[in-house]
Amino acid sequence: MAFERVGVVGLGTMGAGIAEVFARAGLRVIGVEADAEALARGRGHLERSTGKAMDRGKLAPGQRDEILGRITLTTSREDLRDVDLVVEAIPEILDYKISLFKDLDRICEPETVLATNTSSLSVTAIAAATGRPDRVVGMHFFNPAPVMRLVEVVGTVVTAPGVVSDITALAGRLGKTAVAVGDRAGFVVNRLLLPYLNQAAVLMELGVAGRDDIDAAMRLGVGLPMGPFALLDLIGLDTAYEVMGVLFDETRDRRHAPSPLLRELVTAGLLGRKTGRGFYGDSPPKEPVKSRLGTFEVVGSEGDGARGDGLEERLRAAGFKSSGDPDVVLRLADRPVIEHAVRLPDPARMVGVHLVGDQVAELVSTALTSEDAAAAARDLVKIAGLTPVPCKDRAGFVVDALLFPYLNDAVRMYDSGYASIEDIDAAMRLGCGYPAGPFEMLESFGLARVRDGLRALYAEYREPAFAPAPLLDQLVIAEVSEFPRR
Ligand SMILES: NC(=O)c1ccc[n+]([C@@H]2O[C@H](COP(=O)([O-])OP(=O)(O)OC[C@H]3O[C@@H](n4cnc5c(N)ncnc54)[C@H](O)[C@@H]3O)[C@@H](O)[C@H]2O)c1
């Protein structure tokens, strides 16, 4: 089926970007908003986004006019009567979507394909509300739609196979890569991404680490394009909250229950970028306590599974003295630091150091670490050219505690038969801009290291979902270092 005229309903964070994507590919677009005020906001999104592209030299002024010229804005759904496809991007609330789809079913020609951009809701339930369930699909774009290359195309048990392939071909025409999947809450990307974002909020509430430190750890330590709190602000906390709720309803997995902090911010109307404030947008971070830099000692070794990467040499080169009676004992850490600290005459001086990538040092304070020692360790690793991430002495510290359960979820998803390794990897790279997919990450970290890290997380938090996926465990036992590709 050739799609030439497309309707987009809802021109918020996603809809405006989706309208732009279609218009850039030469399709005519009718954008529908709820009222005149929202329509003006939608127009603003379109003008700003294409304006930025022009300023960056990615669009010529004439091209921008052509793109905007292909988009007609209206507050009347009835204007959608002649379109070939409608993509819905209104809020993530099933009742709203069902009522809209009933109306679209009445307004549009019988062959028009109706697509939802839902992140998590049942496409099957939305389809069943219409008289054309075989022509209803999920067409799930990623934020920001003009930039992110992935589209998840969601078929249900009643979708006509031709419709999924037509929408997949359309995604290609838009310059996107499509991954076709079945109808499960969260599909591939949000099923893997949202629990990780939620867990970041939980870690912050538990006081394991602060907002900026968690974001820095994931950005600089793992190479993700943004940290979890910056990403939650971009997604919109209300949308993230709704998606978590839908995931929880389907899985009853405690980790999918939206963090209480998320609920509080949403109730307060702090929704992230769209309202100017969410996790960010408040007062600037507090100035850290000043330290008295003195002598140090680095203890622990590669033999413990810890990484030093020349920390001691770097500190000496920066002019600091190591000493037998140091002010700070930096313990290269791979397991509870407190176990080492209690063996020292003065446990208050010990700070655990866990290097992540080549830029980040997680600095682990135990229940006994003094503020002076923590502050000195922070300043020392800064001088050694690393970004300090102060955190509590909890299994996985920050990065492994957030990353390993996500990798484990990906293994379980593959093992359940929902999606292939190639599709899961591609979805996370293209949908989230990650430098590597979860299986690529697992293989580069080493399967045994991730399995052992998950065991430690499970032992500490007793969270069933942290127990290593059986497939991961078996590959480690069989001493296989790569996942079986098709
Ligand atoms: N935010 C993200 O990162 C993201 C990513 C992918 C998919 N999604 C999904 O896209 C959908 C929209 O999310 P969003 O983040 O763009 O929300 P949003 O709140 O930014 O925008 C929703 C828009 O829909 C409009 N609207 C509400 N009711 C309407 C109606 N009856 N008719 C026309 N317009 C109406 C609102 O005025 C608003 O502009 C959700 O299903 C969400 O799960 C969001």
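Reader: To begin, with which residue does Arg 451 form a salt bridge, and how far apart are the closest N and O atoms?
Author: This is a predicted model. In it, Arg 451 forms a salt bridge with Asp 452, and the closest N and O atoms are 2.8 Å apart.

Reader: Is Arg 451 buried or exposed? And what about Asp 452?
Author: Arg 451 has 10% relative accessibility, so Arg 451 counts as buried. Asp 452 has 38% relative accessibility and counts as partly exposed.

Reader: Which residues do salt bridges that share partners join into one network?
Author: That network consists of Arg 77, Glu 78, Asp 103 and Arg 106.

Reader: How many salt bridges does the structure hold?
Author: The structure holds 30 salt bridges. One of them is between the side chains of Arg 191 and Glu 250, at 3.3 Å from N to O.

Reader: How accessible are the two partners, Arg 191 and Glu 250?
Author: Arg 191 counts as buried, with 19% relative accessibility; the cut-off for buried is under 20%. Glu 250 counts as partly exposed, at 43%.

Reader: And with which residue does the side chain of Arg 349 meet in a salt bridge?
Author: The partner of Arg 349 is Asp 346, with an N to O distance of 3.0 Å. Arg 349 is partly exposed, with a relative accessible area of 24%. Asp 346 is partly exposed as well, with a relative accessible area of 29%.

Reader: Let us stay with H7 for a moment. Where does Gln 199 lie, and is Gln 199 buried or exposed?
Author: Gln 199 lies in helix H7. Its relative accessible area is 14%, so Gln 199 is buried.

Reader: What is Gln 199 in contact with, leaving aside its neighbours within four places in sequence?
Author: With those neighbours set aside, Gln 199 is in contact with Arg 255, Ala 401, Leu 402 and Phe 466.

Reader: Now the helix packing. What describes two packed helices?
Author: Two packed helices are described by the angle between their axes and by the distance between those axes.

Reader: At what angle do H10 and H11 pack, then?
Author: Helix H10, residues 237–251, and helix H11, residues 260–267, pack at an angle of about 135 degrees, and their axes are 9 Å apart. That angle makes H10 oblique to H11. The crossing in which H10 passes H11 is left-handed.

Reader: Which residues of H10 and H11 meet?
Author: From H10, Leu 237, Asp 238, Tyr 241 and Met 244 meet Leu 262, Arg 263, Leu 265 and Val 266 of H11. By class, the contact of H10 with H11 has 6 nonpolar residues, 2 charged residues and no polar ones.

Reader: And at what angle do the axes of H8 and H9 cross?
Author: The axes of helix H8, residues 211–222, and helix H9, residues 228–235, cross at roughly 100 degrees and come within 7 Å. H8 and H9 are therefore roughly perpendicular to each other.

Reader: What residues make the contact of H8 and H9?
Author: H8 contributes Arg 211, Ile 214, Asp 215 and Met 218, and H9 contributes Pro 228, Phe 229 and Ala 230. By class, the contact of H8 with H9 has 5 nonpolar, 2 charged and no polar residues.

Reader: A change of topic: in which helix is Glu 460 found, and what is Glu 460 in contact with?
Author: Glu 460 is found in helix H18, residues 447–461. Leaving aside its neighbours within four places in sequence, Glu 460 is in contact with Asp 393, Arg 394 and Ala 395. Glu 460 is partly exposed, with a relative accessible area of 37%.

Reader: Last one: where is Val 342 found, and is Val 342 buried or exposed?
Author: Val 342 is found in the loop between helix H13, residues 337–341, and strand S11, residues 350–356. Val 342 is exposed, with a relative accessible area of 52%. Apart from its neighbours within four places in sequence, Val 342 is in contact with Pro 347 and Leu 368.

How values were computed
Residues are numbered from 1 along each chain as its sequence is written. This is a predicted model: local features need pLDDT of at least 70, side-chain atom pairs count only at pLDDT 80 or more; totals for chains, interfaces and linings use all residues. Side-chain values use heavy atoms; hydrogens and water are left out. Axes are lines fitted to C-alpha atoms, for helices over the stretch in contact, and angles run from 0 to 180 degrees between N-to-C directions. Helices (H or I, at least four residues) and strands (E, at least two) are DSSP runs, numbered from the N terminus. Angles under 35 degrees count as roughly parallel, over 145 as roughly antiparallel, 65 to 115 as roughly perpendicular and the rest as oblique. A crossing is left-handed if the near helix is turned anticlockwise from the far one by less than a right angle, and right-handed if clockwise. Contact means heavy atoms within 4.5 Å. Ala, Val, Leu, Ile, Met, Phe, Trp, Tyr, Cys and Pro count as nonpolar, Asp, Glu, Lys and Arg as charged, and the others, Gly among them, as polar. A salt bridge is a side-chain nitrogen of Lys or Arg within 4 Å of a carboxyl oxygen of Asp or Glu. Buried means under 20% relative accessible area, exposed over 50%, partly exposed in between (1.4 Å probe, protein chains only).
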